[in-house]
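Keep the structure open as you read.

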Amino acid sequence: SQFLISLVRRMVKSIYRYCDIILVQSKSFIEPVICAGAKREKVRYFPNWAESLYKPIKLEMNAPERQEVPDSGFVVMFAGNLGVAQSLDTIIATAEKLKEENIHWVFLGDGRKRCWLADLVAKKQFDKVHILGSRPIESMPAYFSLADVMLVTLKADPIMSTTIPGKVQSYLACKRPIVGALNGAGAKVINDSRSGYSVDSDDVENLATCILKMSRLSIEERDEMGKAALDYYHCHFDRDMLVDQLQVWMEDQ
């Protein structure tokens, strides 16, 4: 309804007019917010940070998480929502393309596409795809430490390309190398951080190439990517740094 859309636009413009600061979690949001009525000088880039529990850890040999994640082969781990936006069919198509390789695909999380994913994996008899379901958030760094690379995917969509998926900050904070199949802001973080490789959304062919390339790197080379990930996190997404910056902006008003 164009009538309702026009009402919402006027409401948004009014809200922006009476704000002293407008925070956006992606630089790609800045121009749309200005077009919606915000003054440029009010808009500030203020990205999300990862919860403090996300940090590099060295897992004990008897940790229960080790029983759920394959201890042989190359482990690709996807963590988070299993929904439509995550383009799970891209991951499965990539897994199918690499089915002859000793590569395991581990899914942590839940969502509206979990049953679809489980049914497809069973139908295709993928014995190297493991759907673990949801786990307590405090155990996530332990699971991440068992992965050789973390995976982030988003479907090709103009809106999706403007946002940075929250899992990216969590992966960086846990010092893990990353492979992504996504467009825009999220891909830029992976590339700028030198934490891994990124390809376009839904690009099965190049995603398979990158996963295979990552699997053939030495442990030392992947560790260097992990170190670059953590360094980038501290420089760009550290909570204390961001809160200090917000305080400065508020005091300047």
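Start at D192, which counts as partly exposed with a relative accessible area of 36%; here buried means under 20% relative accessible area, exposed over 50%, and partly exposed in between, using a 1.4 Å probe and protein chains only. Before going further, note that this is a predicted model, where local features need pLDDT of at least 70, side-chain atom pairs count only at pLDDT 80 or more, and totals for chains, interfaces and linings use all residues. Residues are numbered from 1 along each chain as its sequence is written, and side-chain values use heavy atoms, leaving out hydrogens and water.

So what does D192 pair with? Its salt-bridge partner is K188, with the closest N and O atoms 2.5 Å apart. Helices (H or I, at least four residues) and strands (E, at least two) are DSSP runs, numbered from the N terminus.

K227 is partly exposed at 42% relative accessibility, and D231 is partly exposed at 37%.

Now for a pair that reaches across the sequence. R135 and E68 meet in a salt bridge at 2.4 Å, N to O. R135 lies in the loop between β5 (129–133) and α5 (140–145), and E68 in the loop between β2 (43–45) and β3 (74–79), so this pair ties together parts that are 67 residues apart in sequence. R135 is partly exposed at 30%, as is E68 at 28%. Overall, the model has nine salt bridges.

On to the inside. A nonpolar core is a set of buried Ala, Val, Leu, Ile, Met, Phe, Trp, Tyr and Cys residues joined through side-chain atoms within 4.5 Å. The largest one has 36 residues, and V69, M77, F144 and L172 touch the most other members. At least two residues each come from β3, β4 (103–108), α5, β6 (149–153), α6 (166–173), α7 and α9.

Zoom in on F144: leaving aside residues up to four places away in sequence, F144 touches Y54, M77, A79, M150, S170, Y171, C174 and R176, where contact means heavy atoms within 4.5 Å. A second, separate core of 31 residues includes I92, L98, F126 and L212.

Definitions and conventions. Salt bridge = Lys/Arg side-chain N within 4 Å of Asp/Glu carboxyl O.
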